[in-house]
Amino acid sequence: MAHPDAQFWNTRYLTEKEHWFRRRPYALVRAYADQLPPGGLTLDVAAGAAPAGIYLARRGLRVIAMDISEAGLRLAQQHARELSVSLYPVVMDMTDPWLPSARLDVILNFYYLSRPLFACYRQALKPGGWLFFETFVQDTHRSCNPAHTLESGELYSAFQGWEILHRAETWRKRGTDPQSHRKIAQLVARKTT
Ligand SMILES: C[S@@+](CC[C@H](N)C(=O)[O-])C[C@H]1O[C@@H](n2cnc3c(N)ncnc32)[C@H](O)[C@@H]1O
């Protein structure tokens, strides 16, 4: 039987293709892309249709797109093929993760939270490696599952001691309805040692 996360997300990618396919890359990644190491090995975690990973692949980085949803990764591959770029898809459950030590130049973590990954990221990046992280933060005005939502300040604390290039807790606004606004945390940091 398929993992429940895979079932849930495969259904979403199949029924909401227009929402997920060919999305614009995140502003955080666009802002720092010029500074990333050419050809750098990049892991797009819980990549789905991989908007951030595909953007970096177009700029010559080598990108592994990891996700539990085959349907999401198929969208990523379809988009990558249209753009004639390579993307290496891997189907993986990231709730109990393991990554090799000091191998990655860049990690992308957008809109997915699995706290055991914090320790993995600390060891999997090379010294000087880049972490891009953006996801939802708990918000007193909205009920949310704490397993899938950061506490305020948590992301920054998890990578204290790294070179912090950008940190913010802000609002993601889609449309004019304040009910749809969601609190998010952003971090761009480099591993120092
Ligand atoms: C909100 S989407 C974000 C996708 C992509 N990072 C983006 O920003 O467009 C969350 C992603 O997490 C993936 N996911 C959920 N549970 C997972 C798990 N246990 N292991 C790996 N990926 C998982 C889903 O398949 C989905 O692609």
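Visitor: Which elements do the buried residues of α6 pack against?

Guide: This is a predicted model, in which local features need pLDDT of at least 70, side-chain atom pairs count only at pLDDT 80 or more, and totals for chains, interfaces and linings use all residues. Residues are numbered from 1 along each chain as its sequence is written, and side-chain values use heavy atoms, with hydrogens and water left out. The buried residues of α6 pack against β1 (41-45), β4 (104-110), β5 and α7 (154-158); contact means heavy atoms within 4.5 Å. Helices (H or I, at least four residues) and strands (E, at least two) are DSSP runs, numbered from the N terminus.

Visitor: Which residues of helix α6 are buried?

Guide: An α-helix has 3.6 residues a turn, so residues three or four places apart point the same way. In α6 (residues 116-124), Leu 117, Phe 118, Cys 120, Tyr 121 and Ala 124 are buried (under 20% relative accessible area, 1.4 Å probe, protein chains only; exposed is over 50%, partly exposed in between). Down the axis of α6 these buried residues fall within an arc of 165°, so they line one face of the helix; the arc is that of the directions from the helix axis to the C-beta atoms.

Visitor: Which residues do ring pairs link into a cluster?

Guide: A pair of aromatic rings is described by the distance of the centres and the angle of the planes. Rings of Phe, Tyr and Trp (its six-membered ring) pair if their centres lie within 6.5 Å; planes under 30 degrees apart are stacked, over 60 edge-to-face, the rest tilted. The cluster joins Phe 118, Tyr 121, Phe 133, Phe 159 and Trp 162.
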